[in-house]
Amino acid sequence: APGSKAYGRLTVMLQALCSVEPLFDVPPAAFRPPPKVDSAVVRLRPKPPSDIHIKDPVLFERVVREAFGQRRKTLRNALQNVCDAEAIAASGIRPDLRAEQVEVAAFINLSNALADRAAAG
């Protein structure tokens, strides 16, 4: 979920394209040498194309990559090579938020708004 330590670029990309179902945890002792983190096994089921509402997948991937490229930057600063603060705000996202605070649907809305803007302009 947004705001959690584990929420990042991979999470956003997977949740946009797949249904993600946690199956079970794997303790560090299951590995040699044991890592300092817990692991989990998840099931990824690709969403049907009709359920993926991304107009330009390449643009969506770029927006997410740039947003998470430097985690502590606000979207206004992280996305300056992609769009301006007005475009971010126009899509319903506060430009002063950080990427890890933004829901998957909001990233989709932003990239779709940018795709529409590019098609119109």
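Here is the tour, stop by stop.

This is a predicted model, in which local features need pLDDT of at least 70, side-chain atom pairs count only at pLDDT 80 or more, and totals for chains, interfaces and linings use all residues. Residues are numbered from 1 along each chain as its sequence is written, and side-chain values use heavy atoms, with hydrogens and water left out.

**Stop 1: S91.** Select S91, in the loop between α4 (85–90) and α5 (104–120); helices here are DSSP runs of H or I, at least four residues, and strands are runs of E, at least two, numbered from the N terminus. Is S91 buried or exposed? S91 is buried, at 16% relative accessible area (buried means under 20%, exposed over 50%, partly exposed in between, with a 1.4 Å probe and protein chains only). Now show I88: its backbone oxygen is 2.8 Å from a polar atom of the S91 side chain.

**Stop 2: P34.** Jump to the loop between β1 (18–26) and β2 (39–46), where P34 sits. P34 is partly exposed, with 46% relative accessibility. Leaving aside neighbours within four places in sequence, P34 is in contact with P28 and A29. Now select K73 too: P34 and K73 are 39 residues apart in sequence, and 33 Å separate them in space, C-alpha to C-alpha.

Methods:
Polar contact = N/O pair within 3.5 Å; in protein donor to acceptor, adjacent residues only side chain to side chain. Contact = heavy atoms within 4.5 Å.
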